[in-house]
Amino acid sequence: MVRSIIILCCTLLLVPLLFAQENPNSDSNPNSDPSLIVQKISVEGLNEQNETLVLGLIETRVGKEISSESLTGDIRTLYRDTGLFSDVQVDVTPLETGGLHVKYIVTENPKIKGEISVIGNDKLSYRKLKSAIKLQPDSLFSEYILVKMQHEIHDIYLAEGFYLAQITPEWTLDPESNTVTVSLLIDEGERIKVSRVSFTGNEIVSEKTLLDLMKTRKGKRFRDAVLEEDLAKITEYYHNRGMMQVEIGEPKKEISDDKRTIHVEIPIVEGPQFFVGNINVKFKNTDKPGFSEEKIRKMLGLSKDEIFDKSAFQKGIENIQGAYSDKGYILANINPIPTYHPDGTVDIDLEISEGSVTVIDNIQIEGLGKTKDYVIKRELARLNLRPGEVFNVDNLQKAHQKIRLLGSFIRSVDFSPSLTANGNRRDLLVSIVENTQTGVFTIGGGYGTEGGVFGVAEIGETNLFGRAYRVHLKGEIGTRNRRTAQ
């Protein structure tokens, strides 16, 4: 099917329209030509859609001067953005009483009949392609959306290494019911293989070292997504060896003439290698720091003149933050500022705003149905998490594990501090999600030639009376009577 977007303008109006386009704000000019003012707007071709909807979407308005720019925008909106119409035309004619009549002539999109058929996807499952299939049964058909689907599915195949894949959309219109059936014909071709991976510009790090970091390598199936992961690993490797200004360029991909193999060339600008310089600790708004400067440097874990390792640097910052949290400074802010110098050194300034030690004001527990409050508070108290004690993040993490281990009746636990009116005090909010089923009851029986009739009954409960008590009873009757309890 061929869809068209046509602006039909009267020949006599051509020159005035061009004049209006050059002066889009001329409708506010009292000297505007009255013959260029829109006096009437109508819509033809509507069956399912409402005219009010169309008039609300367009920019052209009665009383405003005509503008070819606005008309073009109207067509784009109605055809592409709404997905409601397969064809949009505009006819502009002069009225005998003066001014212009703008008529929008539309053809509504038919509805899609049945599921979208995907044919030929033998190597990639429908689930893999499903995210790109935007057209659904009983929705309005849009050629524009179908073309987008075609490109998105093709991109999925490219990312998986199918550089020969071809996606062909087909649709058939039933004029009587105004419905279409849609199919996507896929010729997957063969996955392309890597013939070689090479690098340019790597002087400090060897090609072998870089290749060992990558999953994209000779003989493997090529995938763009895997290559992106490889480039991230290479960047991280350089950063952890002090080359913070490394630039990994866009890989050059050269496909063989037979479209079966690909050569990947990765350009690298390594930049200088940096070594640790001075480490300065600056406390802000505190007279008595929670930790000494020496202790902070030790927790950072970097020494002067060693290679600047970005991962080790980030881990050191996390160590400092964690130490403050465990001491009750849950609002402490660690601001690391590295300064890179031309001589290859990097000075590190640590600006630390400790804030105040945060104390637990009250403990609020929400989400409990069957379980009693004191069961949770008991586990918190065992780890010094009670009103008047400091917020200790390490103990909170331990409490999380302890509460989960109470039994399967606890599905999830979450802690969060909430503001109070009492300065540095915070309420500890404990959110619990319980499992609705905490017990088991089974019964069964049978007949044996040796023992005759026998039966088995089992009762279990992991949260008896809501107090986290566990009980388990099992009984058997037959040639031998036996019962067990835990």
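The structure is a predicted model in which local features need pLDDT of at least 70 and side-chain atom pairs count only at pLDDT 80 or more, whereas totals for chains, interfaces and linings use all residues. Residues are numbered from 1 along each chain as its sequence is written, and side-chain values use heavy atoms, with hydrogens and water left out. Helices (H or I, at least four residues) and strands (E, at least two) are DSSP runs numbered from the N terminus.

A pair of aromatic rings is described by the distance of the centres and the angle of the planes. Rings of Phe, Tyr and Trp (its six-membered ring) were paired if their centres lie within 6.5 Å, with planes under 30 degrees apart counted as stacked, over 60 as edge-to-face and the rest as tilted. Eight aromatic pairs were found in a search of the whole structure. One of them joins F274 and Y340 in an edge-to-face arrangement, at 4.9 Å centre to centre and with 65 degrees between the planes. Because F274 lies in the loop between β12 (261–269) and β13 (275–284) while Y340 belongs to strand β14 (residues 333–340), this pair ties together parts that are 66 residues apart in sequence. F274 is buried, at 2% relative accessible area, whereas Y340 is partly exposed at 31%; buried denotes under 20% relative accessible area, exposed over 50%, and partly exposed the range in between (1.4 Å probe, protein chains only). A further edge-to-face pair is formed by Y324 and Y329, whose ring centres are 5.5 Å apart and whose planes stand at 85 degrees. Y324 is buried at 0% relative accessibility, and Y329 is likewise buried at 11%. Ring pairs also link F274, F308, F313 and Y340 into a cluster.

Charges over rings (NZ of Lys or CZ of Arg within 6 Å of the ring centre and within 35 degrees of the ring normal) were also identified. R241 lies over the face of Y237, 3.7 Å from the ring centre. The charged end of K327 is placed over the ring of F291, at 4.5 Å from its centre.

Helix α11 (residues 393–404) comprises 12 residues and spans 17 Å from its first C-alpha to its last, close to the 16 Å expected at 1.5 Å a residue; the expected span is 1.5 Å times one less than the number of residues. Its buried residues are N395, L396, A399 and I403. These cover an arc of only 100 degrees around the axis, which puts them on the same side of α11; the arc is that of the directions from the helix axis to the C-beta atoms. Q397 and Q401 are exposed on the other side. The buried residues of α11 pack against α10 (373–381), β17 (410–419) and β18 (425–434).

N109 is located in the loop between β4 (100–108) and β5 (111–112) and is buried, with 4% relative accessibility. Beyond its neighbours within four places in sequence, N109 is in contact (heavy atoms within 4.5 Å) with G83, L84, F85, S86, L140, F141, S142 and N178.

L135 occupies the loop between α4 (126–129) and α5 (143–159) and is buried at 3% relative accessibility. L135 and V182, 47 residues apart in sequence, are 9.1 Å apart in space, C-alpha to C-alpha.
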